[in-house]
Amino acid sequence: MLVFAIETSCDETSVCIMDKNKHIYSHIVFTQETHKKHGGVVPELASRAHLEILQNITLSALKESRKKISDIDVFAATCGPGLIGPLLIGSTFAKSLAIGANKKFVPINHIESHILSPTYNNLEEYPQVCLLLTGGHTEIYHVKSKKNIVLLGETLDDAVGETFDKVAKLLCLRYPGGPEIEKKALGGNETVYDLPMPLINEDNLDFSFSGLKTAVNHLVKKNNLSTKFIADLSASFQFCVSKILIKKIEKTIKKLSDKSVIVKSLSVVGGVSNNKYICDKIKDAFQNQNINIIHPAKEMRSDNAAMIAWNCLNKNIKSSSDLYFKASPRLSIK
Ligand code: KG4
Ligand code: ZN
């Protein structure tokens with residue numbers, strides 16, 4: 001079984017050819033540069049960039065893998081959640097290839113693919129708590145098994161990655177803001193600014209980050225953007241984010257244990273899991289609790305088509321093609 005997978009939910013255009021033995025024949029991730037000058041993703045520009053690049057990287061992937069379109073058994077594409085224009089471009093392209101080659105089309109959920117990404121490297125132990133940290137989502141799940149994933153809490157406003165990007169913009173740093181803030185924070189003192197931690201004492205598993213962003217905005221208005229200010233604020237911001245995440249993970253583990261669920265592993269996935277500081281803080285907080293801390297491989301942390309191909313290979317593929325499946329910005333995990 002050979003899968004050709006496409007990921008276009010946001011600003012990465014990515015394709016991957018993978019077989020059922022996990023062998024990756026080609027994996028191309030093209031990060032769109034056009035958004036840098038706008039300090040965030042512009043949906044219309046993302047759609048145009050996907051259109052421009054998708055055909056080229058499809059041909060490059062086939063060439064690199066020495067495969068023909070007729071060798072592919074299944075065409076898979078992200079159908080949500082994400083930006084509707086980009087989702088329509090990737091999924092329609094994959095459906096067209098499937099029709100042309102008379103093969104199956106399989107719709108894939110982007111969030112489910114992030115959650116399953118560590119299992120590509122056999123990193124799985126259940127019951128699991130999964131903290132999903134991306135540019136568009138901040139969610140906490142009880143993963144009972146690969147096929148039984150239950151949402152427990154989510155952000156009520158901004159996602160963590162989005163907050164990193166917005167704070168970076170306020171500090172006049174480049175997009176994407178996460179890696180920039182992480183770098184600046186290395187030279188800062190995390191105890192200088194006492195930032196708010198919304199919902200931290202609430203008895204629920206939801207998150208809120210917009211107040212944190214507003215607090216940073218007030219500080220930016222009152223200070224010069226000196227190297228020291230940027231470094232200290234970046235460090236204090238990261239410290240605050242890690243505290244919020246740790247508190248919510250603790251609450252989740254406690255709530256599950258009250259229901260006699262003893263959590264065996266904690267996985268942290270999505271683009272923000274590239275942040276070493278946050279991952280180290282989470283590891284320090286939970287490593288002595290008999291909980292295995294799991295992350296996807298580096299190349300599967302930010303958006304990529306390998307996780308889409310891998311998710312597809314884990315499915316019981318229906319005998320009929322899902323050509324009428326509609327891409328949806330708010331697609332939920334079934
Ligand atoms: O999972 P992802 O690639 O795309 C979405 O599904 O949204 O996540 C992108 C997000 C961006 O907001 C980016 O700033 C953030 O991940 N990110 C980071 C780091 N690297 C990427 N945030 C914090 N620290 C990082 N090192
Ligand atoms: Zn993503």
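Reader: Thanks! Let's begin inside: what volume does the largest cavity have?
Author: The largest cavity has a volume of about 40 Å³. Keep in mind as we talk that this is a predicted model.

Reader: Good to know. How many cavities of 30 Å³ or more does the structure hold?
Author: It holds 1 cavity of 30 Å³ or more.

Reader: And which residues line the largest cavity?
Author: The lining is made of I115, L116, P118, T119, L123, E124, Y126, Q128, V143 and S267. Sorted by class, that lining has 6 nonpolar, 3 polar and 1 charged residues.

Reader: Let me zoom out a bit. What domains does the protein have?
Author: The domain assignment gives domain 1, covering 2–115 + 300–313, and domain 2, covering 124–295. Taken over C-alpha atoms, the centres of domain 1 and domain 2 are separated by 27 Å.

Reader: How many residues are in contact between domain 1 and domain 2?
Author: On the domain 1 side there are 15 residues, in contact with 17 residues of domain 2.

Reader: How does the lining of the second largest pocket split by class?
Author: It has 10 nonpolar, 7 polar and 7 charged residues.

Reader: And which domains does that lining draw at least three residues from?
Author: Domain 1 and domain 2 each supply at least three residues to the lining of the second largest pocket.

Reader: You mentioned β5. Where does β5 stand in its sheet, and what order do the strands have?
Author: The sheet is an open one of 5 strands, in the order β3-β2-β1-β4-β5, with mixed pairing. Both β3 (24–31) and β5 stand at the edges with a single partner strand each, so one side of each has no neighbour in the sheet. On average, neighbouring strands here are turned by 20° against each other, direction ignored.

Reader: What holds strands of a sheet together in general?
Author: Strands of a sheet pair through backbone hydrogen bonds, in either a parallel or an antiparallel way.

Reader: So do β4 and β5 pair in the parallel or the antiparallel sense?
Author: Strand β4 (residues 74–80) and β5 pair in the parallel sense, over 6 bridges. One pair to look for is F75, whose bridge partner in β5 is F105.

Reader: Which helix packs on that sheet?
Author: Helix α2 (residues 84–101) does, touching β1 (2–7), β4 and β5. The direction of α2 makes about 160° with that of β4.

Reader: What's in the loop between β4 and α2?
Author: P81 is found there. A cis peptide bond joins G80 and P81, with omega about -10°.

Reader: Then which residues other than glycine have a positive phi here?
Author: K22 is one of them, with phi near 75°, and K22 is found in the loop between β2 (12–19) and β3. S260 has a positive phi too, near 65°, and S260 is found in the loop between α7 (227–258) and β9 (265–269).

Reader: Since β9 came up, what is the strand order in its sheet?
Author: That is an open sheet of 5 strands in the order β8-β7-β6-β9-β10, with mixed pairing. The edge strands are β8 and β10 (292–294), each pairing on one side only.

Reader: Last one: over how many bridges do β9 and β10 pair?
Author: They pair over 3 bridges, in the parallel sense. S267 has I294 as its bridge partner in β10, and S267 is also one of the residues lining the largest cavity, where we began.

Conventions:
Residues are numbered from 1 along each chain as its sequence is written. Chains are lettered from A and ligands numbered from 1 in the order in which they are written. This is a predicted model: local features need pLDDT of at least 70, side-chain atom pairs count only at pLDDT 80 or more; totals for chains, interfaces and linings use all residues. Side-chain values use heavy atoms; hydrogens and water are left out. Ala, Val, Leu, Ile, Met, Phe, Trp, Tyr, Cys and Pro count as nonpolar, Asp, Glu, Lys and Arg as charged, and the others, Gly among them, as polar. Domain bounds come from an automatic or database domain assignment. Two strands pair if DSSP finds at least two bridges between them. Helices (H or I, at least four residues) and strands (E, at least two) are DSSP runs, numbered from the N terminus. Axes are lines fitted to C-alpha atoms, for helices over the stretch in contact, and angles run from 0 to 180 degrees between N-to-C directions. Contact means heavy atoms within 4.5 Å. On a 1 Å grid over the protein atoms alone, a cavity is a set of points where a 1.4 Å probe fits but cannot get out, and a pocket is an open set with protein on both sides within 12 Å along at least five of seven lines; lining residues have an atom within 4 Å of a point. Grid points are joined across faces, edges and corners, and a volume is the space filled by probe spheres set on the points.
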